[in-house]
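The points go from the whole chain down to single residues.

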Amino acid sequence: MSRLTPVARRLRREQTSTEDAVWRLLRGRRLAGLKFRRQVPIAGFVADFACLEIGLTIEIDGVQHANDVDADRRRRDSIESAGYLEIRFTNAEVMERPDWVEREILRAIDIAKTRQMRDSFPRLD
């Protein structure tokens with residue numbers, strides 16, 4: 001068990017209303033038939049949502065993130081170095097523009113799938 005597993009479990013129990021809104025969109029393979037998980041330990045961090053199948057993480061940023069851009073950049077670098085594509089939304093975007101958020105997630109899914117296919121081809125050099 002990862003040292004982050006208890007943290008991830010607590011975060012699942014204490015999910016915010018914004019995270020709940022995104023989870024309603026993702027759960028049960030509702031979006032593009034893909035399985036998403038909540039609060040997933042990846043590369044030393046806990047991603048809000050992750051689709052392991054295509055290597056996509058989704059982060060929902062509260063107001064605290066506006067003050068810590070460097071920490072978010074380090075987090076993104078770590079998660080992406082583990083092979084994931086990360087997309088981020090603010091709480092306001094999720095609550096005020098849910099249709100746009102859904103379209104952006106679908107766009108990210110397409111990018112992640114394309115990247116995954118490209119990575120599976122043998123290198124020619």
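1. Accessible areas here come from the Shrake-Rupley method with a 1.4 Å probe. On that basis the accessible surface of the chain comes to about 7800 Å², and carbon and sulfur atoms account for 50% of this surface. Please keep in mind that this is a predicted model.

2. The chain has 125 residues, and 36% of them are buried. Contacts between residues at least 6 apart in sequence can also be sorted by separation: 56% of them join residues at least 24 apart.

3. The chain contains five helices and four strands. Followed along the sequence, these elements give the pattern α-α-β-β-β-α-β-α-α.

4. Next, the sheet. Strands of a sheet pair through backbone hydrogen bonds, either parallel or antiparallel. In this chain, four strands form an open sheet in the order β1-β2-β3-β4, and the pairing is mixed. β1 (37-42) and β4 (85-90) are at the edges; each has a single partner strand, so one side of each lacks a neighbour in the sheet. On average, neighbouring strands of this sheet are turned by 45° against each other, with direction ignored.

5. How many bridges join β1 and β2? There are five, and the two strands pair in the antiparallel sense, with β2 covering residues 45-51. Two residue pairs can be picked out on the model: Val 40 stands opposite Ala 47 in β2, and Arg 37 has Ala 50 of β2 as its bridge partner.

6. The connection between these strands is worth a look. β1 and β2 form a hairpin, with two residues between them. Ala 43 lies in the turn and has a positive phi of about 55°.

7. Helix α2 (residues 17-26) lies across β1, β2 and β3, and runs at about 30° to β2. Helix α3 lies across β1, β2, β3 and β4, and runs at about 145° to β4.

8. Is Gly 62 buried or exposed? The cut-off for buried is under 20% relative accessible area. Gly 62 has a relative accessible area of 15%, so this residue counts as buried. Gly 62 is found in the loop between β3 (56-61) and α3 (69-81). Gly 62 and Asn 91 are 29 residues apart along the chain, and their C-alpha atoms are separated by 5.6 Å.

Conventions
Residues are numbered from 1 along each chain as its sequence is written. This is a predicted model: local features need pLDDT of at least 70, side-chain atom pairs count only at pLDDT 80 or more; totals for chains, interfaces and linings use all residues. Side-chain values use heavy atoms; hydrogens and water are left out. Buried means under 20% relative accessible area, exposed over 50%, partly exposed in between (1.4 Å probe, protein chains only). Two strands pair if DSSP finds at least two bridges between them. Axes are lines fitted to C-alpha atoms, for helices over the stretch in contact, and angles run from 0 to 180 degrees between N-to-C directions. Contact means heavy atoms within 4.5 Å.
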